[in-house]
Amino acid sequence: MDNHILQEAARTYNTPCYIFDLDVFISRIRRMEQILGKQVNIYYAMKANPFLTAAAAQAAGGLEVCSPGEYAICRRARVPAQKIVLSGVNKEESHIRSVMAEQGAGTYTAESLNQLRLLEACAGAAGLTGVRVLLRLTSGNQFGMDEEDILALIRNRDTYPHLDLAGLQYYSGTQKKGMEKIEKELVKLDSFMDFVREHLDFEFRELEYGPGFQIPYFEGQEQADEEILLQEFKKALDSLNFKGIIFLEAGRFLAAPCGSYLTSVADVKRSQGQNYCIVDGGINHVNYYGQTMAMKVPAYRYIPQDNPARPPASQTSGDRWTVCGSLCTSGDILVKNLPLDGLMTGDLLVFDRIGAYSVTEGIYLFLSRKLPVVLTCTQEHGLSLVRDALPTDILNDGSAMEIYQSQSNS
């Protein structure tokens, strides 16, 4: 997004606000499809940014949905049921029964033997057969099942007559540097599927894999050439014995580069030899991976506004500022010692590569400040308001329940 769009957003909708470029998001999906080929379907993990759900439904092969709330967002966005992969470590029986009753998901994942039994029971109650299930293999944490458990349930697959054990799911984390770990994981998965085919006479037709490609957020971080990275990844996929359908789960990698966060300078001051800048946002809105912003310099832009009182550049050259948010806590520091020559109230700061997670991971209820504006942007339609600034104070004293009940009664 160029600075003109950002300034238009500030003038029209005020700050703080998020702006998500849908054209960039869709183009990233299209480029991955082009490089990786027809064997690979791109699935969007909507937990990275639910505001991109409708765009993902149009551009991606499917969406990874991990909660009843995310499922509700998909239904309001009219995501086709066959594109929904209903995942998550806690599958609630009432929700699964409801989804199956309307045949509202194309695929389900099983994170445990209990989840598989739940899916079988709900499918049977709904009178469904051939319900597609992906068995999640653990990478050594609370997600998924051990190899031994998966082998045992495959041996006893007749116990699940209403389910189609279509494939394997595997995801071991994010921000992986380079291809070395990814290649080792693919070899491991391929060997496991070979074993199942040769010793259990069972063939997985599908593999859903989350590579966890790295997105660099801070200055000094090495940035891989994405074109080369994807080409190397394709070579690794082509070398597998597995020749079924591959679903590539991506969230941060697709969403992060498409977002910017815009905040205004509300106050400037000098205290004990240090320049402090207070912005109208803060750590309740800006959450980069690892929440290490104050120690590192993120991708940012400084957009000075017209101000006749601004001193000459010669008087402010070399000024460094500690950028703090509007929360009354000493921890609300976004960046330390940022070079911002001539900084004045009303100027704009932009934090880029913020399209993933920050919009939902911030500590939004702290201090009862408003939720920031959310905008989308396309070349065809320009800026669109998706969510206006919303109060949070009504959530912090019980008033929201009273308002909800009065609206329901009326």
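Reader: Which residues of helix 1 are buried?
Author: Helix 1 spans residues 3-13. Helices (H or I, at least four residues) and strands (E, at least two) are DSSP runs, numbered from the N terminus. Buried means under 20% relative accessible area, exposed over 50%, partly exposed in between (1.4 Å probe, protein chains only). The buried residues of helix 1 are Ile5, Leu6, Ala9 and Ala10.

Reader: Within what arc do those buried residues fall, seen down the axis of helix 1?
Author: The arc is that of the directions from the helix axis to the C-beta atoms. An α-helix has 3.6 residues a turn, so residues three or four places apart point the same way. The buried residues of helix 1 line one face, because they fall within an arc of 140°.

Reader: What kind of model is this?
Author: Residues are numbered from 1 along each chain as its sequence is written, and side-chain values use heavy atoms, with hydrogens and water left out. Local features need pLDDT of at least 70, side-chain atom pairs count only at pLDDT 80 or more, and totals for chains, interfaces and linings use all residues, for the model is predicted.

Reader: Which exposed residues sit on the face of helix 1 turned away from its buried side?
Author: The buried side of helix 1 is covered by strands, including strand 1 (17-21) and strand 10 (259-271). The face turned away carries the exposed residues His4 and Arg11.

Reader: How far is the side-chain oxygen of Asp2 from the backbone nitrogen of His4?
Author: This pair lies at the start of helix 1. A polar contact is a pair of N or O atoms within 3.5 Å; within protein, one must be able to donate a hydrogen and the other to accept it, and residues adjacent in sequence count only if both atoms are side-chain atoms. The oxygen of Asp2 reaches the nitrogen of His4 to within 3.1 Å.

Reader: Is the peptide bond from Thr15 to Pro16 cis or trans?
Author: Pro16 sits in the loop between helix 1 and strand 1. Most peptide bonds are trans. The bond from Thr15 to Pro16 has omega near 0° and is cis.

Reader: Which residues have the most contacts inside the largest nonpolar core?
Author: A nonpolar core is a set of buried Ala, Val, Leu, Ile, Met, Phe, Trp, Tyr and Cys residues joined through side-chain atoms within 4.5 Å. The largest one has 108 residues. Helix 8 (residues 180-200) gives the largest share, seven residues. Those with the most contacts inside this core are Tyr44, Leu135, Leu168, Phe204 and Phe233.

Reader: How many residues are in the second core?
Author: This core is separate. Among its members are Cys17, Leu262, Ile303 and Leu383. The second core has a count of 14 residues.

Reader: What separates the C-alpha atoms of Leu134 and Leu165?
Author: Leu134 is in strand 6 (residues 131-136). Leu134 is buried, because its relative accessible area is 2%. Leu134 and Leu165 are 31 residues apart along the chain, yet their C-alpha atoms are separated by 6.2 Å.

Reader: What do the buried residues of helix 7 pack against?
Author: Ile150, Leu151, Leu153 and Ile154 are the buried ones in helix 7 (residues 147-155). They line one face, because they fall within an arc of 165° seen down the axis of helix 7. Contact means heavy atoms within 4.5 Å. The buried residues of helix 7 pack against helix 6 (113-125), strand 6, strand 7 (163-171) and helix 8.

Reader: With which side chain does Asp352 make a polar contact of 2.8 Å?
Author: Asp352 is in strand 15. Asp352 counts as buried because its relative accessible area is 15%. The contact of 2.8 Å is with the side chain of Arg301.

Reader: How much space lies in the largest cavity?
Author: On a 1 Å grid over the protein atoms alone, a cavity is a set of points where a 1.4 Å probe fits but cannot get out; lining residues have an atom within 4 Å of a point. Grid points are joined across faces, edges and corners, and a volume is the space filled by probe spheres set on the points. The largest cavity is lined by 13 residues, including Tyr171 and Arg252. Its space is about 130 Å³.

Reader: Is Gln272 buried or exposed?
Author: Gln272 is in the loop between strand 10 and strand 11 (274-279). Its phi is positive, about 50°, although Gln272 is not a glycine. Because its relative accessibility is 86%, Gln272 counts as exposed.

Key. On a 1 Å grid over the protein atoms alone, a cavity is a set of points where a 1.4 Å probe fits but cannot get out, and a pocket is an open set with protein on both sides within 12 Å along at least five of seven lines; lining residues have an atom within 4 Å of a point.
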